[in-house]
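Subject: A structure for you to look at

Hello,

Please open it first and then read on.

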Amino acid sequence: MHVLKLIFRNSLRHKLRTILTVLGVTIAILSFGLLRTVISAWYAGVEASSASRLVTRNAVSLVFPLPLSYKEKIRQIEGVKSVSYGSWFGGIYIDEKNFFANYALEAEHYLDIYPEFIIPPEQKAAFLHDRKAAVAGKKLADKYGWKIGDIITLRGTIYPGNWEFVLKAIYKGRDNTVDETAFFFHWAYLNEMMKKIAPQRADQVGWYMVEVKNPEQAAEVAVRIDQTFKNSLAETLTETEKAFQLGFISMTEAIVIAIKLVSFVVILIIMAVVANTMAMTARERIGEYAVFKTLGFGGFHVSGLIFGESMFITMTGTVLGILLTFPAAKIFASELSTYFPIFIIEPETLYMDVAAGLVVALMAGLFPAWRAINIRIADGLRRIG
Amino acid sequence: MNSENNIVEIRNLSKSYHRGSLILPVLNNISLDIKEGEFLALMGPSGSGKTTLLNLIAGIDKADSGSIKVKSVEITTLSESELAEWRASNVGFIFQFYNLIPVLTAFENVELPLLLSKLSKKERREHVEMALKVVNLSDRMDHRPGQLSGGQQQRVAIARAIVTDPAILVADEPTGDLDRTSAEDILNLMEQLVVELNKTIIMVTHDPRAAKKAHHIKFLDKGILNARPQIDL
Amino acid sequence: MKIPLSYSLRNLWTRRLTTSLTIGGMALVVFVFAAVLMLAEGLQKTLVETGSDDNVVVIRKSAGSEVQSGIDRVQASIIETQPGIAIDADGKRMVAKEIVVLIALPKKSTNKPSNVVIRGIGEKSLDLRRQVKISEGRMPVSGSTEIVIGKSIAKRFKSGKVGEVLRFGMRDWRIVGIFDAGNTGFSSEVWGDADILMQTFRRQAYSSVIFRLQNPSEFEVIKQKIESDPRLTLEARKETKYYRDQSEMMAKFLRILGISLTIIFSLGAIIGAMITMYAAVANRIAEIGTLRALGFQRRNILAAFVMESLFLGLIGGFTGLIFASFLQLYTISTMNWATFSELAFSFELSPDIIWESILFSLIMGLTGGMLPAIRASRMNIVEALRGE
């Protein structure tokens, strides 16, 4: 235990420098952890999606609708358990800044296909009975202070006009990977209005959500659906919900890659800082290292002292950084809920924090250790003066 | 004693250091006159206060009480920045470890004090070359301190001390870090400054050989100034 | 400045390893800082240059972008006949009724489909866009299933050569030309005949009407007229503003992300500079004492150490900028959230970004060096000379 004691005492010899370095590592690990969490938040939709659900949409692109008449045809396809549908509404609440996802859904089946949305039975019944009713996620309702019975007005961007809804239910997620910031209402209400104001746009749905009987047959069912509508007026593209979500993310891939790169840059920055501290420390103590060698300690021992100190400083910072990541992520989650409905620290992130700390400690100790091993005793002693 | 000849007049000077709650008296009611063109050695055991006295005369430390007049200027009442200006033009320093700036060449080290004057670049160059010539180092002006021997470094330091043509030179153990031959050289050089350039030198030293070169020796012991040692050195 | 600059510079040079590590840290921070600003600048430049100041875009009220918008034929012809629209040399009105839809095309690099804007154009569409030039092939014959594609599309998507065929909407579309639209959003579009596209996609409505103003100063009058017409539930925006609005969310996201990142990162670099400067002060205590004894004032010492730290920052800043400037060679393509379509843009280094980066690096240097410099200047001369 003498060695550990020596390492500990050594690292406290320049208290200010050690404190500053630890602080730097703490900040770096904190920001690294938050950036990795941003990346996992980006993929949260993918993680949360189920393999037993298929999304069928117009093959041309998402902005093209599918006819309502496809519903019956899809339901008859072998392997399909149930079918529901919805349309992206894209309404704006008061101001463009208050962005949240809002859709029109065929609610009855949709909620069956989505068991992860938990709605109290009496609220669910109230929602299903009122054609102008809407449901909001708990986080969304909390954010705007909505209560059951409130009237919420959305300004349509795709569907013109101001739309009024009565909040009849608030859903919670089954677990913390479920997005609680969505807003949805009855597709039938949307269709009814479209029949009045733009009849050519009625009876059209944005996508079908298909539940398959057996998740293992999902791929076959998807092919069967697309075969059915081949060479029809609106060809379909059916993918698992996961693939559908991934498709969205692949379009913003450049940003994800940039954030990933930047998260490594911060590690490089702190590597430079810690390496600097270790280089200065070792240079000041080169005479001491020579004394150790005179006493019969090998280069192995001396480099052990340097790596030990580098490890001690870096790991203290890493642990502090990890501890701070949790409260920081909490603040982030509430501030950025518009961009990232789900913001949870994954265990992998913490492993990567520790790995980053270890790499920094080793890289920072490398050059000073090499110098200490190679210093000739006579040269080292001379430096003492 | 003819006070017109005195370049330094010290009256009733006292100084003590505080170490926590302890008060350590260093100089006790000292009075001393130093004539222009004098080469004075201050001797005494470690902790006798000789370096403190030197620092006070040079204006880099503050006395508790008493007065120090250098060329009739009462330096104990000067503010810190006035004192700095005063030092720049009136005092030259020679240290035991030379205290040259390692990243500057010999020329630049000697030029350093002139940067505080109003001299033009050309005038500065002339002064520096002159000073280096006096210490016989004109051929080494572009070397850095690390490339010079101890004796050469000390000569650069002396050039730096005389380049502003100050009235007094203070030297703290100027030969303390040198071998015998180099020390001899430095002492001869200092004597030459006194004799040929009429400089006043106040030197603190342990070295009896160095003290012998001086015209006068004063002994400090326990903060009191004597004309001869109280104990054998 | 009494203590020469070379003193500060040579001291940095003497501690080369430490200096370069510190500079390396700062350079990385400035690199990230500049890169994010360059990205936001590139995005905004692309979208702003897409518009012309004398063009007006008319879309359905609240639609936000052409993709969500719909203008029926009756409304479109009302706009077409508005007074105040410029007349070209052939005596024709400079107006185009266009349809904008998204289609998914496979990308060359990943083979994954990505959304692309298809613009159904009219006779005057090309003339309205001064930035757009046919660089290869020709424009499509009106009333045919011929298309031209933007330069970025040709580069990034499969089947992007003249003579090749794209299949969508159950039809084959022959590529007859490639157009160069410079740094604008049009480079990421596919253009075909508006009426044929409307038939193909069974659309009853145009997406937008674009026209050139005879007199740009009359914009407010025409806007007022269009927006107050009860037959039209439309809004008119200058083309420049229309595209600027589209870039806003993305640019804001990039700025917020970038600025908060660099602030956090710069803390690391400032700490690095602080460690370096504290060590610099600690190693030179006797030197500081000597300089003070020679008559240099406290403020001279302060200035010398602050200069040293500013140099650290400055060199770090320039190094970071030099690396960041290489980013201009890269083109980023990502989904524009306002339209859900692919948009290609490059890193853009503007003089403002250069100044901001250098200023930022100087501030980092100053913040890191201030406390150590103050410590240096506050030293007691006698103690410093003793090397304490």
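**The strands around β8 of chain C**

In chain C, Lys133 (C:Lys133) sits across from C:Asp180 of β8(C). A word on terms: two strands pair if DSSP finds at least two bridges between them. Helices (H or I, at least four residues) and strands (E, at least two) are DSSP runs, numbered from the N terminus.

Before going further, please note that this is a predicted model, in which local features need pLDDT of at least 70, side-chain atom pairs count only at pLDDT 80 or more, and totals for chains, interfaces and linings use all residues. Residues are numbered from 1 along each chain as its sequence is written, while chains are lettered from A and ligands numbered from 1 in the order in which they are written.

Strand β6 (residues 146-150) of chain C runs parallel to β8(C), with 5 bridges between them; here C:Val148 has C:Gly177 as its bridge partner. Strand β7 (residues 165-168) of chain C pairs with β8(C) in the antiparallel sense over 4 bridges, and C:Val165 is found opposite C:Arg174. β7(C) and β8(C) also make a hairpin with 2 residues between them, and in its turn C:Gly169 has a positive phi of about 60 degrees.

**The two domains of chain C**

Chain C splits into domain 1 (5-48 + 246-385) and domain 2 (55-212); these bounds come from an automatic or database domain assignment. Taken over C-alpha atoms, the centres of domain 1 of chain C and domain 2 of chain C are 45 Å apart. Where they meet, domain 1 of chain C contributes 13 residues and domain 2 of chain C contributes 15 residues. Contact here has a simple rule: the C-beta atoms of two residues, placed from the backbone, lie within 7 Å.

Which elements make up the domain 1 side of chain C that touches domain 2 of chain C? At least two residues each come from α2 (16-50), β13 (331-336) and β14 (341-346) of chain C. β14(C) gives the most to that side, with 4 residues. By class, this side of domain 1 of chain C has 6 nonpolar, 5 polar and 2 charged residues. For those classes, Ala, Val, Leu, Ile, Met, Phe, Trp, Tyr, Cys and Pro count as nonpolar, Asp, Glu, Lys and Arg as charged, and the others, Gly among them, as polar.

**How the chains meet**

Among the 2 pairs of chains that touch, chains A and C have the most contacts. There, 39 residues of chain A are in contact with 48 residues of chain C. On the chain A side, α2 (15-42), α10 (241-251) and α11 (253-284) of chain A each supply at least two residues, and α11(A) gives the largest share, 15 residues. This side of chain A comprises 24 nonpolar, 13 polar and 2 charged residues.

Chain C also touches chain B, with 16 residues of chain C in contact with 17 residues of chain B. For chain C, α1 (5-14), α9 (285-293) and α12 (381-385) each bring at least two residues to that side, which divides into 8 nonpolar, 5 polar and 3 charged residues. No contact joins chain A and chain B; their closest C-alpha atoms lie 12 Å apart.

**Chain A as a whole**

Chain A has 15 helices and 12 strands. Its C-alpha atoms fill a box of roughly 95 × 45 × 30 Å along the principal axes. The radius of gyration of chain A is 30 Å, whereas a compact globule of 385 residues would have one near 21 Å; the radius is taken over C-alpha atoms, and the globule rule is 2.2 Å times the number of residues to the power 0.38.

**A hairpin in chain B**

Finally, have a look at chain B, where strand β3 (residues 39-43) and strand β9 (residues 216-221) pair in the parallel sense over 4 bridges. B:Leu40 has B:His216 as its bridge partner in β9(B). β9(B) also runs antiparallel to strand β10 (residues 224-226) of chain B, joined by 3 bridges. In the hairpin of β9(B) and β10(B), B:Lys222 takes a positive phi near 50 degrees.
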